[in-house]
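Dear colleague,

Please find below the structure that I am handing over to you.

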Amino acid sequence: MTQQEITQLQKDAADGNVDSQYQLAMMHIYGNGVPEDNDFAFDLLQKAAAQNHIEATYNLAICYHYGFGTAEDLEKAFSLYLVC
């Protein structure tokens, strides 16, 4: 992905585009073209999950399960896994 495409993705995510929020979150989780940042990825996943993005919801559950970008919360993880 080019820097111009990443910049556009960041703009779209900031504007509330759910797919862009999810894609950018996953890029930050793996450090794919952007710095690895679990805290920022967690925030993006929360926004996308709030818009009923199922993959974001699943990955948010993983964050709670293992404490990526947030404190470990197995009850919250379990409740999110049930939605998926």
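In which loop is Asp37 found? Asp37 sits in the loop between helix 2 (18-30) and helix 3 (38-50); helices here are DSSP runs of H or I with at least four residues, numbered from the N terminus.

Before the details, a note on the basis of the values. This is a predicted model, in which local features need pLDDT of at least 70 and side-chain atom pairs count only at pLDDT 80 or more, while totals for chains, interfaces and linings use all residues. Residues are numbered from 1 along each chain as its sequence is written, and side-chain values use heavy atoms, with hydrogens and water left out.

The charged surface

Asp37 belongs to a negative surface patch, which is formed by Glu36, Asp37, Asp39 and Asp43. Such a patch is made of residues with over 30% relative accessible area and no salt bridge, like charges being joined within 9 Å. Asp and Glu count as negative, and the place of the charge is taken as CG of Asp or CD of Glu. Accessible areas come from the Shrake-Rupley method with a 1.4 Å probe.

Asp37 counts as partly exposed because its relative accessibility is 31%; buried means under 20% relative accessible area, exposed over 50%, and partly exposed in between. Asp43, by contrast in location, is placed in helix 3. With a relative accessible area of 37%, Asp43 is partly exposed. The C-alpha atoms of Asp43 and Leu60 are 9.2 Å apart in space, and the two residues are 17 residues apart in sequence.

The salt bridge

A search of the whole structure finds one salt bridge, a term that requires a side-chain nitrogen of Lys or Arg within 4 Å of a carboxyl oxygen of Asp or Glu. Asp15 forms this contact with Lys11, and their closest N and O atoms are 2.9 Å apart. Asp15 is exposed, since its relative accessible area is 56%. Lys11 has a relative accessible area of 47% and is therefore partly exposed.

Aromatic pairs

The structure holds three aromatic pairs. Rings of Phe, Tyr and Trp (its six-membered ring) pair if their centres lie within 6.5 Å; planes under 30 degrees apart count as stacked, over 60 as edge-to-face and the rest as tilted.

One of the pairs is that of Phe42 and Tyr64, which is edge-to-face because the ring centres are 5.3 Å apart and the planes stand at 80°. This pair links distant parts of the chain, with Phe42 in helix 3 and Tyr64 in helix 4 (residues 54-66), 22 residues apart. Both Phe42 and Tyr64 are buried.

Tyr66 and Phe68 form a stacked pair, because their ring centres are 5.9 Å apart and their planes are at 25°. Phe68 counts as partly exposed, at 39% relative accessibility.

Further residues

Tyr66 also has a listed distance to Ala77: the two are 11 residues apart in sequence and 8.9 Å apart in space, C-alpha to C-alpha. Ala77 lies in helix 5 (residues 74-83) and is buried, with a relative accessible area of 1%.

The loop between helix 3 and helix 4 contains Gln51 and Asn52. Gln51 is partly exposed, at 39% relative accessibility; from Gln51 to Leu80 the C-alpha distance is 14 Å, across 29 residues in sequence. Asn52 has a positive phi of about 65° although it is not a glycine. Its relative accessible area of 69% makes Asn52 exposed.

With kind regards

Key: Patches are made of residues with over 30% relative accessible area and no salt bridge: like charges are joined within 9 Å, nonpolar side chains (Val, Leu, Ile, Met, Phe, Trp, Tyr) within 5 Å. Helices (H or I, at least four residues) and strands (E, at least two) are DSSP runs, numbered from the N terminus. Buried means under 20% relative accessible area, exposed over 50%, partly exposed in between (1.4 Å probe, protein chains only).
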